Each structure stands twice: as structure tokens, then as C-alpha cells.
Amino acid sequence: MMDENISVQEMPSLQIYPLEKPVDLRGLEDAFQHLYECTREKALTTVGPPMAIYTDDRLDLEARNLEVALPVAGEPEGASFLAGGRAVVALHIGPYEEIPETCRQVEEILTQENLAPTGHHYNIYVEGYRKNPDASEWLTKVVYPIA
């Protein structure tokens, strides 16, 4: 049975502009700042909130396994495509450092419901440090694409 903050949703396909070096959860704010600077320098039009794509399944805070990206308009050089489709999506409320626990909850539901994950899971940082200094109120969508 799914939690009230976890549901199956249809996610849109996105053109994303990634930062080339992987980071860990504790380094997100600096990485996002650098990413925003890069998109401004290249005059790219962002079309959504920042995101981080897990490059492997490790959920510990020190794992440098997050590729940060911004959804962008058009097809600029260096951009890549993030396929849309069905996904289990959890709304995480709180600091980034607590996201691994939300990921574990989603993974439990995937197992309980016999849902097959496809591709890498990712986070969409709906509201974070740029809009609200109170980390306990930050909103992050934790997305696990499924078949």
C-alpha cells in the first residue's frame, strides 16, 4: 500500500543541461550555484527546477553519485534527454541530507508492489535553499521510473 506522499505518476520527457562533475548530497547547493552560473553564461533558458540524477544505487551522504542538471529549452550543445513515463514519485519535505530515507521508503514500496524500476532515479528540487532558508520546509520530488 502506498503512503499518502507517494504515488504513481506520469513524468514528462525533459531536455536537461547537466554539470559535468558528480557531487554528493552535501555538495548540492554549491553545485546548483555553479550550474546556474553556467546556464547564464551560455544564455540558456531554464524551464523548471534543478534536479539531480543518481548515477548508481548508493544512498549514503558521501557517495559522489549525483549528476546535477537543469531542464532547458531547445537542444543546446551539451544538453541531454531525460525520458519521461510512469514513475513512483515521493514528495520529500525536509533537508537534502534526509532524502536517502525517502528513497528507502520508495524502494520498499517498489518491492511490495512488484514494480520494476527502469533507469536511474532522480530528485527534482521543487523548493530549496534559493527560495526558502528553512531546510525543514524544502520540497523535493524523489522519482523512480518504472516499467
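User: Which residues are exposed on the other side of H1?
Analyst: Asp-30, Arg-40 and Glu-41 are exposed there. Keep in mind that this is a predicted model.

User: And which ones in H1 are buried?
Analyst: The buried residues are Leu-28, Ala-31, Phe-32, Leu-35, Tyr-36, Cys-38 and Thr-39.

User: How do they sit around the axis of H1?
Analyst: Looking down the axis, the buried residues fall within an arc of 160°, so they line one face of the helix.

User: Why would residues three or four places apart point the same way?
Analyst: An α-helix has 3.6 residues a turn, so such residues end up pointing the same way.

User: What covers the buried residues of H1?
Analyst: The cover includes E2, E3, E4 and E7. H1, residues 28–41, lies across those strands. H1 runs at about 40° to E4.

User: What span should H1 have at 1.5 Å a residue?
Analyst: Its 14 residues should span 20 Å. The end C-alpha atoms are 20 Å apart, which agrees.

User: What follows H1?
Analyst: Ala-43 does, with a positive phi near 55°.

User: Switching to the sheet. What order do the strands take?
Analyst: Eight strands form an open sheet, ordered E1-E6-E8-E7-E3-E4-E2-E5. The pairing is antiparallel.

User: Which are the edge strands?
Analyst: Strand E1 (6–11) and strand E5 (80–82). Each pairs on one side only.

User: How are neighbouring strands turned?
Analyst: By 40° against each other on average, ignoring direction.

User: How many bridges join E2 to E5?
Analyst: Three bridges, and the two strands run antiparallel. In one of the pairs, Ile-16 is partnered with Ser-80 in E5.

User: What about H2, where does that helix lie?
Analyst: H2 (residues 99–112) lies across E1, E3, E6, E7 and E8. The angle between H2 and E8 is about 35°.

User: Now the largest nonpolar core. Which residues touch the most other members?
Analyst: Leu-25, Leu-28, Val-68 and Tyr-125, out of 32 residues in that core. Two or more residues each come from H1, E3, E4, E6, H2 and E8. H1 gives the largest share, six residues.

Conventions: Residues numbered from 1 in each chain as written. Predicted model: local features only at pLDDT ≥ 70, side-chain atom pairs only at ≥ 80, totals over all residues. Heavy atoms only, no water. Pairing = 2+ DSSP bridges. Helix = DSSP H or I, 4+ residues; strand = E, 2+ residues; numbered from the N terminus. Axes fitted to C-alpha atoms, helices over the stretch in contact; angles between N-to-C directions. Contact = heavy atoms within 4.5 Å. Core = buried A, V, L, I, M, F, W, Y, C linked by side-chain atoms within 4.5 Å. Buried < 20%, exposed > 50% of the residue type's maximum accessible area, 1.4 Å probe, protein only. Expected span 1.5 Å × (residues − 1). Arc of directions from axis to C-beta.
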